[in-house]
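The following note concerns charged side chains and their pairing. Please read it alongside the model shown here.

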Amino acid sequence: MNAPLHIAIPQASPWPASEFEERLRELGARYHIHHPFNMRMNSGQCSPQQIRGWVANRFYYQINIPLKDASILSNCPDRHTRRLWIQRLLEHDGTGDDAGGIEAWVRLADAVGLEREALWSLDYVLPGVRFAVDAYVNFARRAPWQEAVCSSLTEMFAPQIHRDRLAGWPSLYPWIDTDGLQYFRSRIPLAQRDVEHGLDVTLNYFRTPEAQRRALDILNFKLDILWSMLDAIEKAYPA
């Protein structure tokens with residue numbers, strides 16, 4: 001006997017802001033912290049070559065974050081939002097005496113034994129990683145700025161992945177200079193601040209049932225980007 005057919009009932013009214021936020025946060029179950037490659041990396045099972053491959057490929061994502069953020073700024077007519085969002089760009093590119101997040105990632109590369117020239121050459125970047133990152137930047141360029149802001153909400157899940165690395169890597173990978181882990185230290189407080197702003201924009205813009213479902217789709221898309229990057233890295237650097 002066939003199982004009964006379950007038909008999804010359309011959402012009749014928008015979720016209250018608290019429930020909408022909860023549904024966004026529930027998508028953390030799909031965050032790449034749960035990817036097999038990341039789980040091996042955070043349990044000490046990766047070789048130096050695998051760590052270096054991950055650092056080199058993730059670097060392509062890091063250097064494209066300011067391009068994504070600049071795209072949001074260029075599409076955003078709201079001065080208040082621009083004044084807040086521009087901090088992200090400056091934090092990655094650096095300003096004044098602050099070398100910025102990209103330089104912090106370069107120092108991580110130094111710590112794992114990657115030459116700077118090789119890192120900046122992007123020769124290690126895998127086609128799958130390049131495709132995924134470029135898709136994200138192109139989305140931010142073409143989508144309404146509020147949708148691009150929504151896609152950044154994977155930062156809700158980022159502090160834990162950074163804490164795990166800070167807690168485990170010094171003992172699991174003693175060959176990595178701990179000074180190179182500064183990127184992870186710096187992102188924990190910054191991510192929380194960025195999440196507050198991104199959530200405020202998202203909860204106030206996506207207010208109809210259709211729009212709220214669209215927001216969930218957008219966040220799923222970004223989660224797919226991050227997962228796909230690790231799929232490509234795992235295939236290129238097998239256990």
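Is D224 buried, partly exposed or exposed? At 35% relative accessibility, D224 counts as partly exposed; buried stands for under 20% relative accessible area, exposed for over 50%, and partly exposed for values in between, with a 1.4 Å probe and protein chains only.

1. Basis of the note. The model is predicted: local features need pLDDT of at least 70, side-chain atom pairs count only at pLDDT 80 or more, and totals for chains, interfaces and linings use all residues. Residues are numbered from 1 along each chain as its sequence is written, and side-chain values use heavy atoms, with hydrogens and water left out.

2. Salt bridges in total. Side chains of opposite charge can pair when their charged atoms come close. The structure holds 15 salt bridges, a salt bridge being a side-chain nitrogen of Lys or Arg within 4 Å of a carboxyl oxygen of Asp or Glu.

3. The R30 and D224 pair. R30 and D224 form a salt bridge in which the closest N and O atoms are 2.5 Å apart. R30 lies in the loop between α1 and α2 (36-41), whereas D224 belongs to helix α11 (residues 209-236), so the pair ties together parts that are 194 residues apart in sequence. Helices are DSSP runs of H or I with at least four residues, numbered from the N terminus. R30 is partly exposed, its relative accessible area being 34%.

4. E19 and R23 meet through their side chains in a salt bridge (3.1 Å, N to O). Both residues lie in helix α1 (residues 17-26), 4 residues apart, which is about one turn of the helix. E19 counts as partly exposed at 27% relative accessibility, and R23 counts as partly exposed at 31%.

5. The surroundings of D69. D69 is placed in helix α3 (residues 48-75) and is buried, with a relative accessible area of 1%. Residues up to four places away in sequence aside, D69 touches W85, R88 and L89, where contact means heavy atoms within 4.5 Å. The C-alpha atoms of D69 and V137 are separated by 8.8 Å, and these two residues are 68 residues apart along the chain.

Notes: Helices (H or I, at least four residues) and strands (E, at least two) are DSSP runs, numbered from the N terminus.
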